[in-house]
Amino acid sequence: MPATIILGGQWGDEAKGKITDTLAAQADMVIRPNGSTNAGHTVVTEEGVFKFHLVPSGILYPHCTCVIGAGVAVSPPDLIREIEALQQRQLDLGRLFLSDRAHVVMPYHPLLDQYEEERLGPASIGTTRRGNGPAFTDKIARRGIRVADLLEGAEAELRAKLERILPEKNVLLTGLYGAPALDLEQILAQALEWGERLAPYVVAAEALVQDALRAGKRILIEAAQGCMLDLDYGTYPYVTSTSPTAAGACQGAGIGPTQVDRIIGVFKAYTTRVGAGPFPTELHDATGQLLRERGMEFGTTTGRPRRTGWFDAVAARYAAQLNGMTEIALTKLDVLDALDEIPICVGYRIDGREVAVPPARTDLLERVQPVYEVLQGWRTDTSQATSIEELPAAAARYIQRIEELVGIPVTMIGVGPARRQILWRTAGALA
């Protein structure tokens, strides 16, 4: 049975965890393919609120196998804490597996991340300072440490690698940032301790995944972040360090593109962004603050307030085409319940000239003048709706207009954070 990819269609934080949790009820395996501890998925259940950073949210279902794929940069202390916290809530972690090919966020990576952000000052990227970027930099430069390097029998090779890597890191720490040098023996001992703690979960994950596909298992790939943060196609350099696209999800999960038949793009009914970077539809007024408060727009990982703005159909259409999305899961529709009018960005103008796709140059994207189409609000509580038919006509029209502008059907609609607050539809049902 082919796999399904669930990915963010905006700048992350689209409530992908809620959609994954909903679909995981029928899934056999959920794979986290990319990102690091800098990503967070929040799931609200009858048993309480669960906040995930590295563990796939499918772990809430006893029948579901969960895999942290090779494309993830794993922070061992964070993963260990997350595992322990879930065990305290009586979850079975014997169904969790970690790829031996996943790269490790080493102790020097968060330090380099933090110091570089401080050095850049107003020009900083706005990272979570968890070491994600430096870890993936080392991966691409072929000097990274992988989970396999932490395991029993690999100590001599790990020492040799650290003897090559650490002098360079200490030059940066002491020379560029004026920070203390790190001790090799201390880092080696810490890394080996991590390996001992994580060893029960480590497998050749790509083989496990392919075995599941051959057995006809139902597989979900739960991507982190959003595709507008992609290294190649996002708002570079204000992007993440992995590829949160459908192609990147396949790569990180160990699945070929022909083994996927469904790609669900998750979009909020408005737009948010965390950190620096251009954001064409951003609101700096009381309406933006209203969306932030009603949507509880504060980061799962950092707690930072998210920037808010209107739905951007130009960026959404671009994301849908780039990823070959087959459908949309539209979340947080209820956040818009209090508004009299709801604009949608239907076009971009730069210096009076219409632009069909987000420009590659940051300075041009910052000069975008959004072209808005204003739709009527519904001023009705949608959070209690249990079916599509119970939505007000204006809300149905808003959903239909997003579908028309993006060019693919909206099949799921979130009207609140709880599991029950999701409505299902087929294309054209609201016409």
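This is a guided tour of a predicted model, in the order in which its parts can be selected.

Begin with the strands of the open sheet, which number 10 and run in the order 9-7-5-2-10-1-11-15-19-20. The pairing in this sheet is mixed. Now select residues 202-203, which form strand 9, and residues 422-424, which form strand 20. Strand 9 and strand 20 are the edges, and each has a single partner strand, so one side of each is left without a neighbour in the sheet.

Next, show strand 2 (residues 29-32) together with strand 5 (residues 65-68). These two strands pair in the parallel sense, over 4 bridges. For one of the bridge pairs, pick methionine 29, whose partner in strand 5 is threonine 65.

**Two helix pairs**

Packed helices are described by the angle between their axes and the distance between the axes.

Select helix 2 (residues 76-88) and helix 6 (residues 184-198). Their axes come within 10 Å and cross at roughly 35°. Helix 2 passes helix 6 in a left-handed crossing. To see the contact, display the side chains of Pro76, Pro77, Leu79, Ile80, Ile83 and Glu84 on helix 2, and of Trp194, Arg197 and Leu198 on helix 6. Colouring by class gives 7 nonpolar and 2 charged residues in this contact, with no polar ones.

Then move to helix 3 (residues 108-120) and helix 4 (residues 132-140). The axes of this pair come within 7 Å, and the crossing angle is roughly 115°. Helix 3 passes helix 4 in a right-handed crossing. Tyr108, His109, Leu112 and Asp113 make the contact from helix 3, and Asn132, Pro134, Ala135 and Asp138 make it from helix 4. Sorted by class, the contact of helix 3 with helix 4 has 4 nonpolar, 2 polar and 2 charged residues.

**A cavity and a pocket**

The model has 1 cavity of 30 Å³ or more. The largest cavity holds about 50 Å³ of space. To find it, select the lining residues: Arg32, Ala39, Gly40, His41, Phe52, His53, Val55, Pro56, Ser57 and Glu222. By class, this lining is made up of 4 nonpolar, 4 polar and 2 charged residues.

The second largest pocket comes next, with about 580 Å³ of space. Centre the view on Thr42, Gly295, Met296, Lys332 and Pro417, which are the closest to the centre of this pocket among the 29 residues that line it. Which elements each supply at least two residues of the lining? Helix 1 (16-24), strand 3 (41-45) and strand 4 (48-52) do. Strand 3 gives the most, with 4 residues. The lining of the second largest pocket has 9 nonpolar, 10 polar and 10 charged residues.

**Two backbone points**

Most peptide bonds are trans, and most residues other than glycine have a negative phi. The last two stops can be viewed against that background.

Select tyrosine 236 and proline 237, which are joined by a cis peptide bond with omega of about 5°. Proline 237 is in the loop between strand 10 (219-226) and helix 8 (246-253).

Finish at aspartate 351, in the loop between strand 16 (341-350) and strand 17 (353-355). Phi of aspartate 351 is near 55°, a positive value in a residue other than glycine.

Conventions
Residues numbered from 1 in each chain as written. Predicted model: local features only at pLDDT ≥ 70, side-chain atom pairs only at ≥ 80, totals over all residues. Heavy atoms only, no water. Axes fitted to C-alpha atoms, helices over the stretch in contact; angles between N-to-C directions. Left-handed = near helix turned anticlockwise from the far one by under 90°. Contact = heavy atoms within 4.5 Å. Nonpolar A, V, L, I, M, F, W, Y, C, P; charged D, E, K, R; others polar. Pairing = 2+ DSSP bridges. 1 Å grid on protein atoms, 1.4 Å probe; cavity = no way out; pocket = protein on both sides within 12 Å on 5 of 7 lines; lining within 4 Å. Points joined across faces, edges and corners; volume = space filled by probe spheres on them.
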